[in-house]
Amino acid sequence: MIPVCAVADLPDGEAVRIPGEVPIAVFNAGGEIYAIDDTCSHQDASLSEGWLEGCFVECPLHAASFDLRTGMPTGAPAKKPVRTHEVTIQDGVIHVVPQNQEAVV
Amino acid sequence: MRSIAVVGASLAGLRAVEELRTQGFDGRITVIGEEPHRPYDRPPLSKAYLTGTCATEDLRLADAADTDELAAEWHLGVRADSLDPAARSVRLSDGTEVVADGIVIATGGRARPLPGAEGLAGVHTLRTLDDAVALRADLDASTAGVVVIGAGWIGAEVASTCRTLGLPVTVVEASTTPLARVLGATMGAHCAALHTDHGADLRTGAGVASLTSTGFGPWKRVTGVVLDDGTHLPADVVVVGIGMRPNTEWLAGSGLPVDNGVLCDAGCVTAFPSVVAVGDVARYHGPDGPVRHEHWSNASEQPAVAVRNLLAGTTIQEYHSSGYFWSDQYGTRLQVAGHPAGADEVTVVDGSPHDRRFVAEYRRAGTAVGVLAMNNPKQFGRLRRQLRAGAVPA
């Protein structure tokens with residue numbers, strides 16, 4: 001489990017990137033916290049820098065859009081989903097439970 | 001319409017096939033591609049592919065399952081030699097004749113060669129996968145260093161990649177400020193500064209007089225570049241990035257108006273309603289006259305409109321270019337949207353060019369017409385959306 005930041009430090013519409021071998025992006029979409037792989041499945045770009053609209057983040061490079069709840073792309077140019085990760089909040093701090101590498105579809 | 005031939009099997013050609021199926025065309029689709037390869041993505045060729053961090057498989061634009069789903073007939077490694085719109089016929093270089101009710105022209109373009117450099121080993125242009133394979137092999141063996149001719153997007157990316165590979169690089173640019181035509185002199189200079197930041201030798205206002213070489217016949221190999229002022233720049237690899245020419249020669253005698261591209265109306269339809277053009281080769285009627293775009297987004301977005309009009313038999317939708325393109329150089333991401341070239345005012349609205357992290361807005365007569373960002377994708381995304389919302393009628 002990785003501590004990310006205080007809930008209060010991630011306002012609605014913002015995202016934070018957890019660096020690592022497989023970086024993870026954590027979003028606050030309308031008060032709901034989501035975590036997905038940070039790297040777009042289409043081409044190297046950081047989704048934490050993307051545009052958030054409802055439950056969807058648009059990749060900053062080619063405008064591929066991903067559903068934060070499922071990791072599924074909504075259409076071209078991305079075809080593969082990104083992984084989603086479990087989020088828990090403990091004492092006002094966001095924690096992410098990274099999904100195992102083996103679970104990649 | 002029961003059969004459609006798509007001439008060109010790169011991004012725009014593939015998107016046209018995908019759009020035909022998405023928009024409900026269930027007839028026969030024939031795709032003709034001059035290169036032997038299945039559709040692949042070009043942007044990584046000057047960057048990740050050249051450094052070896054991206055493999056040929058990673059470039060593929062459609063996997064086997066995607067391709068099967070499109071149910072098209074592929075003629076790869078064959079060139080289209082001529083078009084007869086009245087007979088609805090495309091003649092191929094292997095003698096085959098493809099007859100189709102509708103034609104999508106997506107033949108792109110080819111790199112402009114440097115006059116006098118034909119057949120000289122070590123001199124490269126970069127447009128295709130085969131070009132990238134050949135350049136990579138020469139870079140791996142380079143000891144004397146690289147001269148890049150042209151500081152446009154391709155030239156800048158190749159120079160950056162060569163620096164990543166640890167090679168000495170000189171960039172030779174004819175104009176006084178690289179990219180000034182697209183971005184204006186001030187922003188062009190900020191972008192060009194990335195070269196000197198990272199140890200590349202940038203020579204602006206410099207013309208190429210000749211190339212020097214050693215050996216003879218097929219063993220003739222480049223040894224350097226002589227500039228107009230007599231300077232000799234030693235190099236065992238020379239990369240020429242001085243633009244492209246649209247592939248339209250095969251349309252000679254077809255009756256299709258051609259002038260620096262295939263001329264079409266605002267909906268990418270040519271003088272023949274059954275023939276449309278998309279991607280780098282399409283010179284369509286834009287808001288300020290005929291225009292051709294040579295970027296990835298155009299090739300990706302234009303086919304949806306062209307195919308809609310082809311299937312309708314007339315122009316029912318006009319194409320509006322987002323003008324979006326990006327370039328990765330020296331670990332810096334540059335992003336452009338809209339049409340900055342037409343602006344009379346440029347303002348940095350976030351960050352600072354000196355920190356190499358900023359967003360600039362371009363205005364014409366007070367109206368936003370373009371956005372440029374360096375290492376600032378989030379603010380770029382915001383302004384790009386505003387621009388799109390303002391410029392394109394909903």
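This is a predicted model: local features need pLDDT of at least 70, side-chain atom pairs count only at pLDDT 80 or more; totals for chains, interfaces and linings use all residues.
**View 1. The interface between chain A and chain B.** Contacts link 19 residues of chain A with 19 residues of chain B. The two chains bury about 1,500 Å² between them, and carbon and sulfur atoms account for 45% of this area. On the side of chain A, A:W51, A:L61 and A:K79 lose the most area to chain B, together 35% of what that side buries. The general practice behind such a figure is that interface size is often expressed as the accessible area lost when the parts come together.

**View 2. Polar and charged pairs across the interface.** Four salt bridges are counted between chain A and chain B. One of the salt bridges in the model joins the side chains of A:K79 and B:D66, at 3.8 Å from N to O. The side of chain A that touches chain B comprises seven nonpolar, six polar and six charged residues.

**View 3. The aromatic pair B:Y284 and B:Y319.** Over all chains, five aromatic pairs are counted. The ring centres of B:Y284 and B:Y319 lie 5.3 Å apart with their planes at 80°, so this pair is edge-to-face. B:Y284 belongs to strand β20 (residues 282-286) of chain B, whereas B:Y319 is in the loop between α8 (296-312) and β22 (325-329) of chain B, so the pair ties together parts that are 35 residues apart in sequence. Both tyrosines, B:Y284 and B:Y319, are buried.

View 4. The rings of B:Y324 and B:W326 have centres 6.1 Å apart and planes at 25°, so they count as stacked. B:Y324 is buried, with a relative accessible area of 1%, and B:W326 is also buried, at 9% relative accessibility. B:W296, B:Y324, B:W326 and B:F380 together form one aromatic cluster.

**View 5. The surroundings of B:D280.** B:D280 is located in the loop between β19 (275-277) and β20 of chain B. Its relative accessibility is 12%, so B:D280 counts as buried. The side chains of B:D280 and B:R127 are joined by a polar contact of 2.9 Å. With neighbours within four places in sequence left aside, the residues in contact with B:D280 are B:G108, B:R127, B:M244, B:R292, B:H293, B:E294 and B:H295.

**View 6. B:R79 and its partners.** B:R79 occupies the loop between β3 (73-76) and β4 (80-84) of chain B. At 39% relative accessibility, B:R79 is partly exposed. Its side chain makes a polar contact of 3.1 Å with the side chain of B:D81, and the two residues also form a salt bridge, the closest N and O atoms being 3.1 Å apart. B:D81 is likewise partly exposed, with a relative accessible area of 36%. Apart from neighbours within four places in sequence, B:R79 contacts B:E34, B:R91, B:L92 and B:S93. B:R79 and B:E35 are 44 residues apart in sequence, while their C-alpha atoms are 8.2 Å apart in space.

**View 7. Salt bridges that link separate parts of the sequence.** Over all chains, the count of salt bridges is 23. In one of them, the closest N and O atoms of B:R28 and B:E73 are 3.4 Å apart. B:R28 lies in strand β2 (residues 28-33) of chain B and B:E73 in strand β3 of chain B, so the pair ties together parts that are 45 residues apart in sequence. Both ends are partly exposed: B:R28 at 46% relative accessibility and B:E73 with a relative accessible area of 35%. A further salt bridge joins B:E249 to B:R110, with 2.8 Å between the closest N and O atoms. B:E249 is in the loop between β17 and β18 of chain B and B:R110 in strand β8 (residues 109-111) of chain B, so this pair ties together parts that are 139 residues apart in sequence. B:R110 is partly exposed, at 32% relative accessibility. Salt bridges with shared partners also join A:E53, A:E58 and B:R385 into one network.

**View 8. Two residues with positive phi.** B:A71, a residue other than glycine, has a positive phi near 45°. B:A71 is placed in the loop between α3 (64-70) and β3 of chain B and is exposed, with a relative accessible area of 52%. B:N260, which is not a glycine, has a positive phi of about 50°. The loop between β17 (244-246) and β18 (262-263) of chain B holds B:N260, which is partly exposed at a relative accessible area of 43%.

Terms used: Residues are numbered from 1 along each chain as its sequence is written. Chains are lettered from A and ligands numbered from 1 in the order in which they are written. Side-chain values use heavy atoms; hydrogens and water are left out. Contact means heavy atoms within 4.5 Å. Buried area is the accessible area (1.4 Å probe) that two parts lose on being put together, summed over both. Ala, Val, Leu, Ile, Met, Phe, Trp, Tyr, Cys and Pro count as nonpolar, Asp, Glu, Lys and Arg as charged, and the others, Gly among them, as polar. Rings of Phe, Tyr and Trp (its six-membered ring) pair if their centres lie within 6.5 Å; planes under 30 degrees apart count as stacked, over 60 as edge-to-face and the rest as tilted. Helices (H or I, at least four residues) and strands (E, at least two) are DSSP runs, numbered from the N terminus. Buried means under 20% relative accessible area, exposed over 50%, partly exposed in between (1.4 Å probe, protein chains only). A polar contact is a pair of N or O atoms within 3.5 Å; within protein, one must be able to donate a hydrogen and the other to accept it, and residues adjacent in sequence count only if both atoms are side-chain atoms.
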